[in-house]
Amino acid sequence: MSAEHGTWLPDTPLILGTMRLLDHPELLRARTLAGWISHQVDQGLDVFDHADIYGDGACERHFGKALATAPGLKQRVRVVTKAGIVPGHLDTSRWQTKHYRAEADYLRQAIDGALQRLQLEQIDTFLIHRPDPLMDAGAVASILEQAVANGKISHIGVSNFLPDQWRWLQQHTSLPLVCNQSELSLAHADALFNGQHDAMLCDRLRWLAWSPLAGGQLANAVPEDLVSEAREQTGLCLNGLAVAWIRQLPGSPIPVLGSLKQERIAAASAGASTSLPRPLWYRLLEAVRSAPVP
(Lines give C-alpha, C1' and ligand atoms only; values in the text may rest on other atoms or scores of the structure.)
Protein backbone atom coordinates (compact mmCIF):
# COMPACT_ATOMS: atom_id res chain seq x y z
CA MET A 1 0.00 0.00 0.00
CA SER A 2 1.27 3.51 -0.70
CA ALA A 3 0.05 7.01 0.06
CA GLU A 4 -1.66 8.90 -2.73
CA HIS A 5 0.04 12.03 -3.99
CA GLY A 6 -1.05 15.08 -2.03
CA THR A 7 -2.50 13.28 0.98
CA TRP A 8 0.59 13.83 3.17
CA LEU A 9 1.65 17.42 3.91
CA PRO A 10 -0.25 18.66 0.83
CA ASP A 11 0.10 22.37 1.64
CA THR A 12 3.61 22.42 3.12
CA PRO A 13 5.98 24.66 1.13
CA LEU A 14 9.05 24.12 3.35
CA ILE A 15 10.17 22.07 6.32
CA LEU A 16 12.43 23.77 8.84
CA GLY A 17 15.39 21.62 9.85
CA THR A 18 16.74 21.82 13.40
CA MET A 19 20.15 20.20 12.87
CA ARG A 20 21.95 23.54 13.45
CA LEU A 21 19.82 24.71 16.35
CA LEU A 22 22.77 24.59 18.78
CA ASP A 23 24.62 27.03 16.51
CA HIS A 24 22.07 29.67 17.54
CA PRO A 25 22.53 30.25 21.29
CA GLU A 26 20.22 33.26 21.04
CA LEU A 27 17.34 30.83 20.42
CA LEU A 28 18.10 28.29 23.14
CA ARG A 29 16.11 29.89 25.97
CA ALA A 30 12.85 27.98 26.02
CA ARG A 31 10.54 31.00 25.79
CA THR A 32 12.64 32.59 23.05
CA LEU A 33 12.58 29.42 21.01
CA ALA A 34 8.84 29.06 21.60
CA GLY A 35 8.34 32.56 20.22
CA TRP A 36 10.46 31.72 17.17
CA ILE A 37 8.50 28.51 16.55
CA SER A 38 5.19 30.36 16.92
CA HIS A 39 6.33 33.00 14.43
CA GLN A 40 7.21 30.35 11.84
CA VAL A 41 3.83 28.66 12.32
CA ASP A 42 2.12 32.02 11.84
CA GLN A 43 3.95 32.26 8.49
CA GLY A 44 2.55 28.88 7.43
CA LEU A 45 5.65 26.83 8.30
CA ASP A 46 4.45 24.33 10.88
CA VAL A 47 6.59 21.27 10.07
CA PHE A 48 9.94 20.84 11.83
CA ASP A 49 12.57 18.21 11.04
CA HIS A 50 14.53 16.50 13.82
CA ALA A 51 16.72 13.44 14.40
CA ASP A 52 17.96 11.81 17.56
CA ILE A 53 21.59 12.47 16.57
CA TYR A 54 21.14 16.24 16.12
CA GLY A 55 23.16 17.57 19.02
CA ASP A 56 23.09 14.04 20.47
CA GLY A 57 19.44 14.62 21.37
CA ALA A 58 19.87 18.20 22.61
CA CYS A 59 18.00 19.73 19.66
CA GLU A 60 14.92 17.64 20.41
CA ARG A 61 15.19 18.48 24.13
CA HIS A 62 15.40 22.23 23.51
CA PHE A 63 12.44 22.02 21.13
CA GLY A 64 10.43 20.05 23.67
CA LYS A 65 11.17 22.51 26.47
CA ALA A 66 10.08 25.34 24.20
CA LEU A 67 6.78 23.63 23.41
CA ALA A 68 6.19 23.08 27.11
CA THR A 69 6.41 26.82 27.86
CA ALA A 70 3.68 27.81 25.42
CA PRO A 71 0.22 26.32 26.00
CA GLY A 72 -1.33 25.15 22.76
CA LEU A 73 1.86 25.42 20.70
CA LYS A 74 2.41 21.69 20.45
CA GLN A 75 -1.03 21.34 18.83
CA ARG A 76 0.07 23.79 16.11
CA VAL A 77 3.28 22.03 15.02
CA ARG A 78 4.05 18.81 13.18
CA VAL A 79 7.31 17.03 13.84
CA VAL A 80 9.30 14.73 11.59
CA THR A 81 12.08 12.87 13.36
CA LYS A 82 14.54 10.14 12.50
CA ALA A 83 16.59 7.41 14.18
CA GLY A 84 18.88 4.56 13.24
CA ILE A 85 22.38 6.10 13.15
CA VAL A 86 24.85 5.59 15.99
CA PRO A 87 27.83 7.98 15.73
CA GLY A 88 31.19 6.57 16.74
CA HIS A 89 31.42 8.69 19.90
CA LEU A 90 28.10 7.21 21.09
CA ASP A 91 29.05 3.59 20.37
CA THR A 92 29.37 1.95 23.79
CA SER A 93 31.02 -1.17 22.39
CA ARG A 94 34.78 -1.67 22.29
CA TRP A 95 34.78 -0.82 18.57
CA GLN A 96 33.77 2.86 18.88
CA THR A 97 32.55 2.94 15.30
CA LYS A 98 29.73 4.67 13.50
CA HIS A 99 27.04 2.17 12.53
CA TYR A 100 23.36 1.81 11.68
CA ARG A 101 20.71 0.27 13.89
CA ALA A 102 17.49 -0.30 12.00
CA GLU A 103 16.64 -2.92 14.63
CA ALA A 104 13.21 -3.47 16.11
CA ASP A 105 14.11 -3.00 19.78
CA TYR A 106 16.40 -0.07 19.06
CA LEU A 107 13.75 1.76 17.02
CA ARG A 108 11.07 1.10 19.64
CA GLN A 109 13.28 2.73 22.27
CA ALA A 110 14.18 5.53 19.85
CA ILE A 111 10.53 6.41 19.32
CA ASP A 112 9.90 6.50 23.07
CA GLY A 113 13.04 8.58 23.58
CA ALA A 114 12.02 11.10 20.94
CA LEU A 115 8.55 11.47 22.44
CA GLN A 116 10.11 12.11 25.85
CA ARG A 117 12.65 14.66 24.59
CA LEU A 118 10.12 16.48 22.41
CA GLN A 119 7.47 16.34 25.16
CA LEU A 120 4.90 15.20 22.62
CA GLU A 121 2.18 12.58 22.81
CA GLN A 122 2.55 11.76 19.11
CA ILE A 123 5.20 12.24 16.43
CA ASP A 124 3.68 13.10 13.07
CA THR A 125 6.21 11.21 10.95
CA PHE A 126 9.00 8.84 11.99
CA LEU A 127 11.78 7.96 9.53
CA ILE A 128 14.50 5.32 9.46
CA HIS A 129 17.50 7.58 9.05
CA ARG A 130 19.70 5.38 6.85
CA PRO A 131 19.33 2.04 5.07
CA ASP A 132 20.85 -0.70 7.22
CA PRO A 133 22.16 -3.78 5.37
CA LEU A 134 21.50 -5.81 8.53
CA MET A 135 17.85 -4.73 8.85
CA ASP A 136 15.26 -7.43 9.50
CA ALA A 137 12.50 -5.74 7.48
CA GLY A 138 9.69 -7.84 8.96
CA ALA A 139 10.67 -7.13 12.56
CA VAL A 140 11.16 -3.42 11.89
CA ALA A 141 7.81 -3.16 10.09
CA SER A 142 6.09 -4.84 13.05
CA ILE A 143 7.54 -2.30 15.50
CA LEU A 144 6.49 0.62 13.31
CA GLU A 145 2.99 -0.81 12.98
CA GLN A 146 2.75 -1.17 16.77
CA ALA A 147 3.86 2.43 17.25
CA VAL A 148 1.18 3.65 14.84
CA ALA A 149 -1.48 1.45 16.45
CA ASN A 150 -0.51 2.78 19.89
CA GLY A 151 -0.76 6.39 18.71
CA LYS A 152 2.94 7.13 19.22
CA ILE A 153 3.50 8.05 15.58
CA SER A 154 1.09 8.93 12.81
CA HIS A 155 3.09 8.22 9.63
CA ILE A 156 6.22 6.30 8.68
CA GLY A 157 8.88 6.94 6.07
CA VAL A 158 12.55 6.53 5.25
CA SER A 159 15.60 8.67 4.69
CA ASN A 160 18.45 8.24 2.20
CA PHE A 161 16.94 5.01 0.82
CA LEU A 162 17.26 3.82 -2.77
CA PRO A 163 14.22 2.34 -4.54
CA ASP A 164 14.88 -1.35 -3.85
CA GLN A 165 15.70 -0.53 -0.24
CA TRP A 166 12.39 1.22 0.47
CA ARG A 167 10.47 -1.35 -1.56
CA TRP A 168 11.88 -4.18 0.56
CA LEU A 169 10.58 -2.50 3.70
CA GLN A 170 7.26 -1.63 2.04
CA GLN A 171 6.71 -5.29 1.14
CA HIS A 172 6.61 -6.12 4.86
CA THR A 173 3.93 -3.67 5.95
CA SER A 174 0.49 -2.54 4.85
CA LEU A 175 1.27 0.94 6.20
CA PRO A 176 2.25 3.39 3.45
CA LEU A 177 5.74 4.81 3.40
CA VAL A 178 4.85 8.46 2.91
CA CYS A 179 8.26 9.95 2.14
CA ASN A 180 11.95 9.53 1.53
CA GLN A 181 14.21 12.28 2.86
CA SER A 182 17.17 12.44 0.53
CA GLU A 183 19.60 15.01 -0.84
CA LEU A 184 18.32 17.05 -3.77
CA SER A 185 19.43 20.41 -5.14
CA LEU A 186 20.65 22.12 -8.27
CA ALA A 187 24.11 20.83 -7.39
CA HIS A 188 22.92 17.31 -6.55
CA ALA A 189 20.44 16.42 -9.30
CA ASP A 190 21.55 13.00 -10.57
CA ALA A 191 18.35 11.46 -9.18
CA LEU A 192 16.39 13.30 -11.87
CA PHE A 193 18.23 11.40 -14.61
CA ASN A 194 18.98 7.98 -13.10
CA GLY A 195 15.37 6.96 -12.39
CA GLN A 196 15.31 7.55 -8.63
CA HIS A 197 12.93 10.50 -8.83
CA ASP A 198 10.66 8.58 -11.19
CA ALA A 199 10.66 5.64 -8.76
CA MET A 200 9.50 7.91 -5.95
CA LEU A 201 6.71 9.22 -8.15
CA CYS A 202 5.68 5.68 -9.13
CA ASP A 203 5.65 4.55 -5.50
CA ARG A 204 4.01 7.78 -4.30
CA LEU A 205 6.69 8.75 -1.81
CA ARG A 206 7.03 12.47 -1.19
CA TRP A 207 10.59 13.69 -1.61
CA LEU A 208 11.89 15.64 1.39
CA ALA A 209 14.92 17.39 -0.07
CA TRP A 210 17.73 17.91 2.40
CA SER A 211 20.50 20.40 1.60
CA PRO A 212 18.28 22.18 -0.96
CA LEU A 213 20.69 25.13 -1.09
CA ALA A 214 23.66 22.78 -1.65
CA GLY A 215 25.49 23.91 1.46
CA GLY A 216 26.49 27.25 -0.05
CA GLN A 217 27.97 25.75 -3.23
CA LEU A 218 25.56 27.54 -5.55
CA ALA A 219 27.08 30.99 -5.06
CA ASN A 220 30.22 29.83 -6.85
CA ALA A 221 28.37 27.74 -9.41
CA VAL A 222 25.76 30.14 -10.79
CA PRO A 223 27.14 33.21 -12.64
CA GLU A 224 26.21 36.54 -11.09
CA ASP A 225 24.81 37.83 -14.37
CA LEU A 226 22.43 34.85 -14.58
CA VAL A 227 21.28 35.42 -10.99
CA SER A 228 20.73 39.11 -11.75
CA GLU A 229 18.72 38.41 -14.89
CA ALA A 230 16.67 35.74 -13.11
CA ARG A 231 15.96 38.13 -10.24
CA GLU A 232 14.69 40.74 -12.72
CA GLN A 233 12.22 38.24 -14.14
CA THR A 234 11.18 36.38 -10.98
CA GLY A 235 12.04 38.68 -8.06
CA LEU A 236 13.99 35.83 -6.42
CA CYS A 237 17.50 35.77 -5.00
CA LEU A 238 19.72 32.75 -5.58
CA ASN A 239 18.34 30.86 -2.56
CA GLY A 240 14.79 31.52 -3.69
CA LEU A 241 15.65 30.31 -7.19
CA ALA A 242 17.13 27.10 -5.77
CA VAL A 243 13.96 26.36 -3.81
CA ALA A 244 11.65 27.25 -6.73
CA TRP A 245 13.70 24.91 -8.93
CA ILE A 246 13.07 21.99 -6.55
CA ARG A 247 9.39 22.74 -5.95
CA GLN A 248 8.69 22.79 -9.68
CA LEU A 249 9.48 19.10 -10.06
CA PRO A 250 6.58 16.64 -10.41
CA GLY A 251 5.46 15.49 -6.98
CA SER A 252 6.41 18.89 -5.48
CA PRO A 253 9.40 17.84 -3.34
CA ILE A 254 9.50 19.68 -0.02
CA PRO A 255 12.84 21.36 0.75
CA VAL A 256 14.14 20.77 4.27
CA LEU A 257 15.83 24.08 4.98
CA GLY A 258 18.94 23.76 7.11
CA SER A 259 19.24 27.46 7.95
CA LEU A 260 17.36 29.04 10.85
CA LYS A 261 18.21 32.58 9.72
CA GLN A 262 15.05 34.56 9.09
CA GLU A 263 16.26 36.13 5.87
CA ARG A 264 17.01 32.73 4.36
CA ILE A 265 13.66 31.36 5.49
CA ALA A 266 11.94 34.34 3.85
CA ALA A 267 13.90 33.86 0.61
CA ALA A 268 13.11 30.14 0.55
CA SER A 269 9.43 30.81 1.23
CA ALA A 270 9.30 33.23 -1.69
CA GLY A 271 10.86 30.59 -3.93
CA ALA A 272 8.41 27.94 -2.78
CA SER A 273 5.52 29.99 -4.12
CA THR A 274 7.10 31.00 -7.47
CA SER A 275 7.03 29.09 -10.75
CA LEU A 276 10.10 29.44 -12.97
CA PRO A 277 9.93 29.68 -16.75
CA ARG A 278 10.91 26.29 -18.14
CA PRO A 279 13.95 27.62 -20.07
CA LEU A 280 15.25 29.30 -16.88
CA TRP A 281 14.80 26.04 -14.95
CA TYR A 282 17.07 24.31 -17.45
CA ARG A 283 19.48 27.25 -17.68
CA LEU A 284 20.10 27.10 -13.94
CA LEU A 285 20.77 23.38 -14.15
CA GLU A 286 23.11 23.92 -17.09
CA ALA A 287 25.04 26.60 -15.19
CA VAL A 288 25.60 24.40 -12.15
CA ARG A 289 26.62 21.39 -14.26
CA SER A 290 28.92 23.57 -16.39
CA ALA A 291 27.65 21.62 -19.38
CA PRO A 292 24.53 21.40 -21.54
CA VAL A 293 21.79 19.22 -20.12
CA PRO A 294 21.83 15.66 -21.54
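**Entry 1**

Where does N160 lie? I found N160 in the loop between β7 and α5 (163–170). The model I am reading is predicted. I looked up the backbone of N160 and noted a phi near 65 degrees, a positive value in a residue other than glycine.

I placed R204 in the loop between α6 (196–203) and β9 (206–210). Is R204 buried or partly exposed? I wrote down partly exposed, because its relative accessibility is 32%.

I then turned to strand β6, residues 123–128. How many of its residues are buried? My note says 6 of the 6, so the strand is largely enclosed by the rest of the structure.

Next I followed the pairing of β6. Strand β3 (residues 78–83) runs parallel to β6, and 4 bridges join them. I picked out K82 here, whose bridge partner in β6 is L127. With strand β7 (residues 153–159), β6 pairs in the parallel sense over 5 bridges. There I noted I123, which has I153 in β7 as its bridge partner.

Together with helix α4 (residues 137–149), they make a right-handed β-α-β unit.

**Entry 1: aromatic rings**

I searched the whole structure for aromatic pairs and got 4. One of them is F48 with F63: the ring centres are 5.2 Å apart and the planes stand at 55 degrees, so I logged the pair as tilted. Which parts does this pair tie together? F48 lies in strand β2 (residues 47–49) and F63 in helix α2 (residues 58–69), so the pair ties together parts that are 15 residues apart in sequence. I checked the burial of both partners. F48 counts as buried at 0% relative accessibility, and F63 is buried with a relative accessible area of 1%.

W281 and Y282 form an aromatic pair too, and I noted it as edge-to-face, with 4.9 Å centre to centre and 75 degrees between the planes. For accessibility I wrote two values: W281 is buried, with a relative accessible area of 10%, whereas Y282 is partly exposed, with 38%. The cut-off I used for buried is under 20%.

I came back to F48 and F63 to see what else joins them. Ring pairs link W36, F48 and F63 into a cluster.

The charged end of R94 sits over the ring of W95, and I noted 4.9 Å from the ring centre.

**Entry 2: the largest pocket**

My last look-up was open space. How much space lies in the largest pocket? I recorded about 720 Å³. The lining of this pocket has 35 residues, and the closest to its centre are M19, R20, S211, G215 and G258. I then asked which elements give two or more residues to the lining, and I listed α7 (218–221), α9 (238–247) and β10 (254–257).

Definitions and conventions:
Residues numbered from 1 in each chain as written. Predicted model: local features only at pLDDT ≥ 70, side-chain atom pairs only at ≥ 80, totals over all residues. Heavy atoms only, no water. Phe/Tyr/Trp six-rings, centres within 6.5 Å; stacked < 30°, edge-to-face > 60°. Buried < 20%, exposed > 50% of the residue type's maximum accessible area, 1.4 Å probe, protein only. Lys NZ or Arg CZ within 6 Å of the ring centre and 35° of its normal. Pairing = 2+ DSSP bridges. Right-handed = clockwise from strand over helix to strand, strands pointing away. 1 Å grid on protein atoms, 1.4 Å probe; cavity = no way out; pocket = protein on both sides within 12 Å on 5 of 7 lines; lining within 4 Å. Points joined across faces, edges and corners; volume = space filled by probe spheres on them.
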